[in-house]
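Reader: Hi! Could you walk me through this model?
Author: Happy to; here it is.

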Amino acid sequence: MKKYFEKYGNIPLFEGISQEDLDILFGCLNAKIMNFEKDRAVFSAGECVKQFGIVLSGQVSIVHNDYYGNRSILSKVESGNLFTEAFAFAGISLPVSVVTATQSQLLFLDSSRFASTCVRGCVFHNRLIQNLIKITAEKNIKLIEKFEVISKRTTREKLLTFLSNESKKAGSREFVIPFNRQELADYIFVERTAMSAELSKLKKEGLIDYKKNKFVLL
């Protein structure tokens, strides 16, 4: 059967899993596919989730709102990537919310069925665990990169560090960032007005050029 393999076989969590096993996997892990409009809450802070999600299309934002109503974007999750898996496996309440950044199609898997071998003795469980460990390691690396950005003292330093990292990821001086202006300000923990002013200064000084979310390091 090619029902799931043709559409979802390239997702990193399913790497190395055969076409036949992927069909079984969706039934074994109680898979559910749901569609969401933009700016819809997928999970809210305080929820205790038993499922984790995979973005099939679109984007979701991991958002933290503090006691005073200040909003911070911790990360953006793009197509093929996981979200809330740590909280689903740990069985603890979410300290963050998950909100769709665009119209999105999301896949949900039951965490309780993930690590334990089912009555069918599905051989793909070990491969799933190996893939999850790799994904977790890659996420830790991204967290280190973000800490490098937000640990800088000034808005200017945060922007230059962030843009430099994005340029390295793209392998080019020209690249597109996954944030609009407000989202970028939320991501690097600065005020939007101050950030926009600093971007203008960097452009006037000939260090960068940009149009919307497309940037060039000069």
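Reader: How many nonpolar, polar and charged residues are in the lining of the largest pocket?
Author: That lining has 20 nonpolar, 7 polar and 10 charged residues. Ala, Val, Leu, Ile, Met, Phe, Trp, Tyr, Cys and Pro count as nonpolar, Asp, Glu, Lys and Arg as charged, and the others, Gly among them, as polar. This is a predicted model, with residues numbered from 1 along each chain as its sequence is written. Local features need pLDDT of at least 70, side-chain atom pairs count only at pLDDT 80 or more, totals for chains, interfaces and linings use all residues, and side-chain values use heavy atoms, without hydrogens and water.

Reader: Thanks! Which element gives the largest share of that lining?
Author: H4, with 11 residues. Helices are DSSP runs of H or I with at least four residues, strands are runs of E with at least two, and both are numbered from the N terminus.

Reader: New topic: is Gln105 buried or exposed?
Author: Gln105 counts as buried because its relative accessibility is 15% (buried is under 20%, exposed over 50%, partly exposed in between, using a 1.4 Å probe and protein chains only). Gln105 lies in strand S8, residues 104-110.

Reader: And what is the order of the strands in the open sheet?
Author: The 4 strands run S1-S8-S3-S6, with antiparallel pairing (two strands pair if DSSP finds at least two bridges between them). S1 (32-36) and S6 each have a single partner strand, so one side of each lacks a neighbour in the sheet.

Reader: How many bridges do S3 and S8 pair over?
Author: S3 (residues 51-57) and S8 pair over 6 bridges. Gln51 has Asp110 in S8 as its bridge partner.
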